[in-house]
Amino acid sequence: MIIEAKVLKFGDKIDTDIIIPAKYLKYTDPQYLAQHAMEPLDPEFYKKASSGVIIVAGKVFGMGSSREQAAMALKAAGVKAIIAESFARIFFRNAINNGLPVITLQNATKEINQGDLVRVNVETGEIVVNGSKVLKGKGISGMPLEILKTGGLITYLKKAS
Amino acid sequence: MPQTLTEKILSRASGKNVSPGDVTEIKVDLVAFHDLTGYHVIEVMEDVGTLKVFDREKLVIAFDHLAPPPDVRSAEIQGQIRNFVKKTSVPNFYDINSGILHQIMIERYANPGQVIVAADSHTSTSGAVGAFAQGLGASDVAAAVITGKTWVMVPQPFKITLEGKPARWINGKDIALKILGDFKADYFNGMSLEIFVKEPSAVPMDFRATVSNMGIEMNADALMFVPDQETFNYIKTARGYEPQMVTPDSDAKYVDEYNIDLSKLDPLVAAPHSVDNVKTVNEIEGIPVDQVFIGSCTNGRISDLEMAAKILKGKKVKTRTIVIPASYQLFKKALELGYVQTLADAGAIITYGTCGPCLGGHFGIAGPGETIISTSSRNFKGRMGSPDAKVYLSGPAVAAATALEGKITDPRRL
């Protein structure tokens, strides 16, 4: 699974209230959620992400709430993968369960810049920046990889049952 | 091999001995969801093509986030869940007149050594009685409701010891903020915190629930108070039965340990916009506040209301003040004890059992430019309403003292 896109960069502790504010949680339509992704921090995010981007961020990306709409909103907005220094546990699972690849990379915010073109191998965690610099992140394996490959937990459960 | 509480619980739940780092399937003892996540859980179940519940007795549903419904869509969501409850005959269902899910879990259901998963991050609250309790997203919870199973990565266990007795006005919130201030919000990612209390009665269950509640703010995979006499007494008094006690082996190995002397704690506050931006109340005294909120699943318990009532007795608030006991049971108890009367006489608005203001839903939303002090769990940008509002987090004593003076105030000075 290889993903390539330009980078939108954020800092540490991007929480779920930033990713999708509570007032939108009464709905689960991905397109509706996408329009409000990252709204408190950057109301233009939806436009910026629409051509397909990889988010690069700092520590505990997705901390806070269990709201699965956070992962759904980012994916529907055009986020193809997230590379962060660490992920909050619940967000990590929600992302995988919704088919959104999440790669852990130490010093991600130091090594990768806004606008860089990044190619990431989801399974090995290998990240190539601007066609030259090679970084080694932590890829996805085991059951999370199976879920991701099937396209998300719902499809996975349908197949399993 | 000696085992920590984490390893003991997860070994039982997975049916084999597990160690930190193992990824394993586990059986769950209790699953729960509320209105705002519950409709999403049911949508996922419908998508998968089944409304099968693995064990009806082990599913708990409570309406709290949208209770009472602030708009038509919220009422519709609750209607969808009531239909699910009817179709599946789930007995443990709490409509809008009961209170916040996490409070109901520790009042009635959670036991030492259990595995509890629920579609809400503050599920960690049940760690107060020594349960391995994790919040999960709607899809994971739907899978657990159908199959009675989920998967975990066994976290690295970290030991915290609480010693000494907290001074007057010090509360579980100050213990949680002390940990957050010292370690910051990312440190415990991938770890489970096991908290040992040297003098069990010095840290009552109310305080433990507040600390466990904020385990998710520490980004710990779980936060558990090691069951002791206080745990035993709490469950026996609240529910009339003696819980089975599960405790770690005395020579179990932890990745690290840390001690807190409770007698040395100052009242603490988390300043905007981060739970780990922790200061002593003296460092930020005098900041004018537009609204005070005392309540939520973090700090809406009897000892919280008692502290607020003691500070506000016979006085009037200068700032608009909202008080929400975490459950109907606690509301009635506070009524019997006279706290509701005292707080109402002081000019506070009081209701019961809703999450409204904490999540920026209803019943006390922050407007642009406003400053709020809240006993809830999060002060993320936009959490309580406008992204241009500032939210300070504190225990109930600092919040009540602030209500009295209209600016952030050290309760020890009153």
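Which residues touch the most other members of the largest nonpolar core? In this predicted model, they are A:Phe45, A:Phe61, A:Leu74, A:Phe91 and B:Phe33, out of 185 residues in that core. In soluble globular proteins, nonpolar side chains tend to be buried together.

A:Leu74 can be followed through its contacts. Leaving aside neighbours within four places in sequence, A:Leu74 is in contact with A:Phe45, A:Phe61 and A:Phe91, among others. Its partners also include A:Ile19, A:Ala37, A:Met38, A:Ile55, A:Val79, A:Ile82 and A:Leu100.

| Item | Value |
|---|---|
| Residues from chain B in the contact | 44 residues |
| Residues from chain A in the contact | 35 residues |
| Area buried between chain B and chain A | about 3,400 Å² |
| Part of that area on carbon and sulfur atoms | 57% |
| Salt bridges across the interface | five salt bridges |
| Polar contacts, both residues at pLDDT 80 or more | 24 residue pairs |

A salt bridge joins A:Lys13 to B:Asp276, with the closest N and O atoms 2.7 Å apart.

On the side of chain B that touches chain A, at least two residues each come from α2 (35-48), α3 (72-88), β6 (132-135), α5 (138-147) and β7 (149-153) of chain B. The largest share, eight residues, is supplied by α2(B). By residue class, this side of chain B divides into 19 nonpolar, 12 polar and 13 charged residues.

Key:
Residues numbered from 1 in each chain as written. Chains lettered and ligands numbered in written order. Predicted model: local features only at pLDDT ≥ 70, side-chain atom pairs only at ≥ 80, totals over all residues. Heavy atoms only, no water. Contact = heavy atoms within 4.5 Å. Buried area = accessible area lost by both parts, 1.4 Å probe. Salt bridge = Lys/Arg side-chain N within 4 Å of Asp/Glu carboxyl O. Polar contact = N/O pair within 3.5 Å; in protein donor to acceptor, adjacent residues only side chain to side chain. Helix = DSSP H or I, 4+ residues; strand = E, 2+ residues; numbered from the N terminus. Nonpolar A, V, L, I, M, F, W, Y, C, P; charged D, E, K, R; others polar. Core = buried A, V, L, I, M, F, W, Y, C linked by side-chain atoms within 4.5 Å. Buried < 20%, exposed > 50% of the residue type's maximum accessible area, 1.4 Å probe, protein only.
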